[in-house]
Amino acid sequence: MTNQSDALPVLVIDGASFVDFAGFVREFSQLLCHGTWNGSLDAFNDILRGGFGTPETGWVLKWVNSDSSRVALGHDATVRWLEQILVTCHPSHRASIEARLSDAQRGQGQTLFDMIVEIIHEHGPGGSESEDGIILELL
């Protein structure tokens, strides 16, 4: 029996190839044919729609060693990421970012890994942008 994903292009991220968010950004950017991702999660969402170096139609994102990524992009990485965002965010977003930062410092709330996976799922089966046809395989 063949899987629906068997006929789709496959892009691979290796969680053993990075130890922090900057490394994830570099790793994912290597998958792009037309440019480099700057690390913005809004831009990541846009890239997943296609036309930015990812396949225009459905594709499989195979994330090998995803447990390593879950650790590397955990609460500590989320704290560092939110601290950077806090420096440049619009004043109207400060309270929200500070609350998320406080949660992350206590080891609570969504991690960067959780946010990235959630964004990818939005572009796959059952997601609000499922027409993009991205299938995430965490291995």
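Arginine 106 and aspartate 103 form a salt bridge, with the closest N and O atoms 2.6 Å apart. A salt bridge here is a side-chain nitrogen of Lys or Arg within 4 Å of a carboxyl oxygen of Asp or Glu. The structure is a predicted model, in which local features need pLDDT of at least 70, side-chain atom pairs count only at pLDDT 80 or more, and totals for chains, interfaces and linings use all residues. Residues are numbered from 1 along each chain as its sequence is written, and side-chain values use heavy atoms, with hydrogens and water left out.

Arginine 106 is partly exposed at 49% relative accessibility. Aspartate 103 is also partly exposed, at 28%. Buried means under 20% relative accessible area, exposed means over 50%, and partly exposed lies in between (1.4 Å probe, protein chains only). Shared partners join the salt bridges of Asp46, Arg49 and Glu129 into one network.

The whole structure holds five salt bridges. One of them pairs lysine 62 with glutamate 137, at 3.8 Å between the closest N and O atoms. Lysine 62 lies in strand S2 and glutamate 137 in strand S3, so this pair ties together parts that are 75 residues apart in sequence. Helices (H or I, at least four residues) and strands (E, at least two) are DSSP runs, numbered from the N terminus. Lysine 62 is partly exposed, with a relative accessible area of 28%. Another salt bridge joins arginine 94 to glutamate 98 at 3.6 Å, N to O. Both residues lie in helix H5 (residues 94-105), four residues apart, about one turn of the helix. Arginine 94 is partly exposed at 34%, and glutamate 98 is partly exposed at 38%.

Twelve aromatic pairs are present. Rings of Phe, Tyr and Trp (its six-membered ring) pair if their centres lie within 6.5 Å; planes under 30 degrees apart are stacked, over 60 edge-to-face, and the rest tilted. Phenylalanine 21 and tryptophan 81 pair edge-to-face, at 6.4 Å centre to centre and 65° between the planes. Phenylalanine 21 lies in helix H1 (residues 21-29) and tryptophan 81 in helix H4 (residues 75-88), 60 residues apart. Both residues are buried. Phenylalanine 24 and tryptophan 37 are also edge-to-face, at 5.7 Å and 90°. Phenylalanine 24 lies in H1 and tryptophan 37 in the loop between H1 and helix H2 (41-48), so the pair ties together parts 13 residues apart in sequence. Phenylalanine 24 is buried at 0% relative accessibility. Tryptophan 37 is buried at 2%. Ring pairs link a cluster of residues, including Phe18, Phe28, Phe44, Trp63 and Phe113.

Phe44 is also one of the buried residues of H2, along with Leu41, Asn45, Ile47 and Leu48. These residues cover an arc of only 160° around the axis, which puts them on the same side of H2. The arc is that of the directions from the helix axis to the C-beta atoms. The cover over them includes H1, strand S2 (59-64), H4, helix H6 (112-122) and strand S3 (134-138). Serine 40 caps the N-terminal end of H2, with a side-chain oxygen 3.2 Å from the backbone nitrogen of aspartate 42. Glycine 50 follows H2 and has a positive phi, near 100°.

Asparagine 65 has a positive phi of about 55° although it is not a glycine. Asparagine 65 lies in the loop between S2 and helix H3 (66-72).

Conventions. Contact = heavy atoms within 4.5 Å. Polar contact = N/O pair within 3.5 Å; in protein donor to acceptor, adjacent residues only side chain to side chain.
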